[in-house]
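Visitor: I would like to learn how to read a structure like this one. Can we go feature by feature?

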Amino acid sequence: MDPYKFRPSSAHNSPFFTTNSGAPVYNNNSSLTVGTRGPILLEDYHLVEKLANFDRERIPERVVHARGASAKGFFEVTHDISNLTCADFLRAPGVQTPVIVRFSTVIHERGSPETLRDPRGFAVKFYTREGNWDLVGNNFPVFFIRDGMKFPDMVHALKPNPKSHIQENWRIMDFFSHHPESLNMFAFLFDDIGIPLNYRHMEGSGVNTYMLVNKAGKAHYVKFHWKPTCGVKSLLEDEAIKVGGANHSHATQDLYDSIMAGNYPEWKLFIQTIDPDHEDRFDFDPLDVTKIWPEDILPLQPVGRMVLNKNPDNFFAENEQLAFCPSLIVPGIYYSDDKLLQTRIFSYSDTQRHRLGPNYLQLPVNCPKNAHHNNHHEGLMNFMHRDEEVNYFPSRFDPVRHAETYPIPPAICNGKRDRCIIGKENNFKQPGERYRSMTPDRQERFLCRFVDALSDPRVTHEIRSIWISYWTQYMQIRACFDA
Ligand code: HEM
């Protein structure tokens, strides 16, 4: 008998019931009792094991983005960008890479409705030949804050009140009244696109600035964008109430049913790039995550397409245990100094070591599909089969060697240690432009949503005045608020 053949998998089910340790179970209906009426004996190991397993079925849900749905498929390069990056999976048009994607809402719990006004997560794991690349983005191209130091406070303000467990606008308006950099994000969130119709009809964006590095070592700043081929569609409030009232999992169901029906969702991937030598040419800082890169000056360049053609085999294994992390990159793609991205590099694997355990990267959905090797070993729930005797490096007994070097951004880092805000804040121009580009009825709905949020009785006169002063800076909408 090969003891390693039987890895835990339903494929290896025996034809009869067994305990987890493989002993036959001759009765899975009745507890072991003294006589016909009880009491139950503690020695009923099968009953105890069954309950203990059930009692531990839930794992901690994600602190944010707890509610989500996943699907599998492939990414295919359609345009050659090998002049910009040496990433193997982007080497030539036609190259396909398997992916798994998880769409999510941000704030509420695992079972919450999918019709709430909330940003949506759009996270893609590319299983490349050089390791996994995770592009962990959202449906909007900007973010609320630009320094990760503020992220836990921001999430606390957006989450339900710790006393009432109700999401309350006074807490949100209070927190963000200290953060005018959030206006651009609110210009998306409080717009008509604030409640996507479902996951298939929404855009995605890497949001943070990354770097592409080519074979010669030349680096470019890059932003990534996903555009759905079926177009962007959203729900207005009264539609959302109807949809959510009838089915609180409507977006998960739409994704699952579309794939089941062979109506595979597809997105095109675009990039925008900036040569770091030109980064001072703009009236915003290209590494400021609260800013878009205007498409008229930094055009979208097509790269590829992504098709989702397979539903998860098991929701728990391929959604709850799925772990994305912006720090997972591959040669040819690198982080920029974007402060928010730098914080994210730490936070995701940290939470996943807590949420899923230190060996979460061994879970089938998270582990790379290429050969991998190192001397990290043991730890809680380690199920990797290892039989080597040398678990140190270097060793004359182990032929493993360093991988070939690959280029990383060549820029020199220097500067004084400091805690500071960025130079070019420019908080009002982009949200003002976005507001002015809306049709009058869309502007009206946008303002109504803001007025509604500010109408919470616990929003003070001071907080209301701050918000009105923010929005009047570039938008000349005082008259609307006064009305
Ligand atoms: C410093 C700022 C941020 C911090 C500290 C942070 C932290 C986290 C944490 C702890 C999780 C839960 C991960 C898990 O349990 O697996 C998470 C999930 C997520 N975050 Fe962030 N986040 C930040 C900013 C952002 C931004 C700017 C975006 C959009 C680009 C984003 C997109 C996501 C997505 C899509 C998920 C869900 C991934 C999944 O589906 O499993 N986050 N974030």
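Guide: Start with helix α3, whose buried residues are W170, R171, I172, M173, F175, F176 and S177. Buried means under 20% relative accessible area, exposed over 50%, and partly exposed in between, using a 1.4 Å probe and protein chains only. Helix α3 covers residues 169-177 and is mostly covered, with 7 of its 9 residues buried. Helices (H or I, at least four residues) and strands (E, at least two) are DSSP runs, numbered from the N terminus.

Visitor: What kind of model is this, and how are residues numbered?

Guide: It is a predicted model, in which local features need pLDDT of at least 70, side-chain atom pairs count only at pLDDT 80 or more, and totals for chains, interfaces and linings use all residues. Residues are numbered from 1 along each chain as its sequence is written, and side-chain values use heavy atoms, leaving out hydrogens and water.

Visitor: How many helices and strands does the chain have?

Guide: The chain has 12 helices and 10 strands. Its C-alpha trace spans about 80 × 65 × 50 Å along the principal axes. Buried residues account for 48% of the 483 residues.

Visitor: What does the radius of gyration say about the chain?

Guide: The radius is taken over C-alpha atoms, and the globule rule is 2.2 Å times the number of residues to the power 0.38. For 483 residues, a compact globule would come near 23 Å; the chain has 26 Å, which agrees.

Visitor: Which share of contacts joins residues at least 24 apart in sequence?

Guide: Contact means heavy atoms within 4.5 Å. Among contacts between residues at least 6 apart in sequence, 73% join residues at least 24 apart. For C-alpha separation, take F428 and S182: they are 246 residues apart along the chain, yet their C-alpha atoms are separated by 9.6 Å. F428 sits in the loop between α8 and α9 (429-436). F428 counts as buried because its relative accessible area is 15%.

Visitor: Now the ligand. Which residues come nearest?

Guide: A residue is near a molecule if one of its heavy atoms lies within 4 Å of it. Of the 23 residues around the ligand, R62, R102, Y348, Q352 and R355 come nearest.

Visitor: Which elements supply the shell around the ligand?

Guide: β3 (120-128), β4 (131-138) and α8 (339-355) each supply at least two residues. Helix α8 gives the largest share, 8 residues. By class, the shell has 9 nonpolar, 10 polar and 4 charged residues. Here Ala, Val, Leu, Ile, Met, Phe, Trp, Tyr, Cys and Pro count as nonpolar, Asp, Glu, Lys and Arg as charged, and the others, Gly among them, as polar.

Visitor: Which residue does UniProt list for "binding site"?

Guide: The unreviewed UniProt entry lists Y348. UniProt positions use the numbering here, feature names are shortened, and annotations may be inferred rather than shown by experiment. Y348 is in helix α8. At 23% relative accessible area, Y348 is partly exposed. Leaving aside neighbours within four places in sequence, Y348 contacts V136, F324, C325 and P326.

Visitor: Which residues does the "active site" annotation cover?

Guide: In the unreviewed UniProt entry, it covers H65 and N138. They span 74 residues in sequence, but no two of their C-alpha atoms are more than 10.4 Å apart, so they gather at one spot. H65 lies in the loop between α1 (45-55) and β1 (68-77), whereas N138 lies in strand β4. Beyond four places in sequence, H65 touches R102, S104, T105, V106, G121 and N138.

Visitor: Is N138 buried or exposed?

Guide: N138 is buried, at 9% relative accessible area. Apart from neighbours within four places in sequence, its contacts include H65, R120, G121 and E203.
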